[in-house]
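Grab a pencil and work through these exercises with the model open beside you.

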Amino acid sequence: LNGWSVLDSLVTWIAVYFCVHKGVKSSGWVVYVTVPLPFLLLFVLLIRGVTLTGAGEGIRFYLEPDFGKVFTEPRIWTEAATQIFFSISVASGVMPAFASFNHREQNVLRDTMIIGITNSLTSFVGGFVVFAVLGHMAHEEGVSVASVVQSGPGLAFVAFPKAISLMPAAPVFAVLFFVMIFCLGIDSAFALTEAIIAVFKDVFKPRRFEQHMIIAVCTAGFLTGLIYATDGGLFFLDLIDHFVSSFVFVPVGLAECIAVGWLYGAEKHLAEVEDMTGVRLSRFWGVLWRWVSPGIMTILLIAEVIEEIRHPFDSRNGQRYPDWALALGWLVVLVPIVACVWHAYAHGATAHRKPYNFDHHNLDEPNDAHRQRAASTSEALEMGNIR
C-alpha cells in the first residue's frame, strides 16, 4: 500500500461522512460550494487555455470528426453512451435517490431538461479546456495532438498535469485544476454514498442507529477502495472502469426502460407525471421508453460484447491482465445484474398487488428515510447535477 494514497483516501472518506451524516441538510450546503466552484475554475482554465500557443490545433482536433472511425468503430458509440450515463448518474441509483427527496409537486420535467442540457454543455465546454491545453503541449513538444491525447485516468492524472506544467504560471493553474478535480470527485463520492444510504434507510429504517449505519457505509467504501492505493491501483481502476462502464450501466439502463415502459406501464407513468406536474406528455415519450431507448441500448450492448470478443481487454495497450483480474472484472459486472434479477424475481410477484403510493413520500411521513425531505428542491436539483 502507498501510505500517502491511503491517507488521501481516509481524508476523502472522512469528508464524505461529514457531507452525508445529516442527509440532504448537510449535503445540500456542501453542493453550494462544490458545484459552483468547478464551473468557476473551468471558466478560468478555459480563458487561459485558449490563449496558449498551439491551442488552436488542439481545438481543431477536438471539433473535426473522424467519420471513418464513427462508422467503423462501434466502441466509440458505447463509450459515448456510458459517458452520458455516468455524468448524469443514470442507472446508478443516484438520480432516483435524490429525486425521492423532492416535494410531490416538484416540476421534474423542468429539472430533467436543466440537468440534461447543463451536463451536455459543461462537457462540451470542458472539451475546449482539455484540448486547448493538450494542443499547447503538442506544440511545445513538437508532436501531433493525436500523440499526446489519452483517455481514462491517464488524461486526468498524467497527460493533463504534464500539459499544465508547460504553461506559464504552472503552479497556480495546477492548484486550480486539482481543486476542481477534488470538488468533482467529492461530489460524485458523496452522491453515490447518499444513494446507498437512502436504500438502507428505506429498507432497514435504522432510527436509533442511523449514524452507525452511515459510518459503516463510509468505512466499507474506504476499505474496498484500498485496492486503488496499491502500486497497481491505476491498473485496477482501469480494469473496473472498463467492465462497469461497458457492461453495467447499459444493461441496468435497459432494465429500467423495460421496467417503466413494459412492466409498470408507459401510460401509467405518463399519467403520474401529469398528476405531479400538470403537463400531459405526448405518447411519443412512451414510444421512447418502450421501443427507441431499449432498442438503442440493446444494439450498443451487443456491439460492445462483439467488440470485447474480437479485441479482449487484456490485450490492449500492450499490457496483459492475469486471468484472475479479468475474472474480478466480470464478477463486478455479474454481481449487480444477478442481484437485480433476484430482487425482481423475489418481489415481482407482489408488485402488482402493491402499487406505488406517492403519499408514502409526503413530508409528514415519520419514516427516517424521508424525514429530511423539507430540504429545498433546488438543493435536490443541484445534487443531481453533480458532474
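**Exercise 1.** Work out whether T193 is buried or exposed, and find what it touches.

*Solution.* Start with the cut-offs: buried means under 20% relative accessible area, exposed over 50%, and partly exposed in between (1.4 Å probe, protein chains only). T193 has a relative accessibility of 4%, so it counts as buried. Helices here are DSSP runs of H or I with at least four residues, strands are E runs of at least two, and both are numbered from the N terminus. Finally, look for contacts, meaning heavy atoms within 4.5 Å. Skipping neighbours within four places in sequence, T193 meets W13, V16, V20, V217 and C218.

A quick word on the model: it is a predicted one, where local features need pLDDT of at least 70 and side-chain atom pairs count only at pLDDT 80 or more, while totals for chains, interfaces and linings use all residues. Residues are numbered from 1 along each chain as its sequence is written, and side-chain values use heavy atoms, with hydrogens and water left out.

**Exercise 2.** Describe helix α14: how many residues does it have, and where is its kink centred?

*Solution.* Helix α14 covers residues 283-310, which gives 28 residues. From first C-alpha to last it reaches 40 Å, close to the 40 Å expected at 1.5 Å a residue; the expected span is 1.5 Å times one less than the number of residues. Now check for bending, the angle between axes fitted to the seven residues ending at a residue and the seven starting there. α14 has a kink of about 40 degrees, centred on W289. W289 is also among the buried residues of α14, which include G286, L288 and P294.

**Exercise 3.** Zoom out: how many helices, strands and disulfides are there?

*Solution.* Count the secondary structure: 16 helices and 0 strands. Then search for disulfides, pairs of cysteine sulfur atoms within 2.5 Å: the whole structure has 0. Last, check burial: 40% of the 387 residues count as buried.
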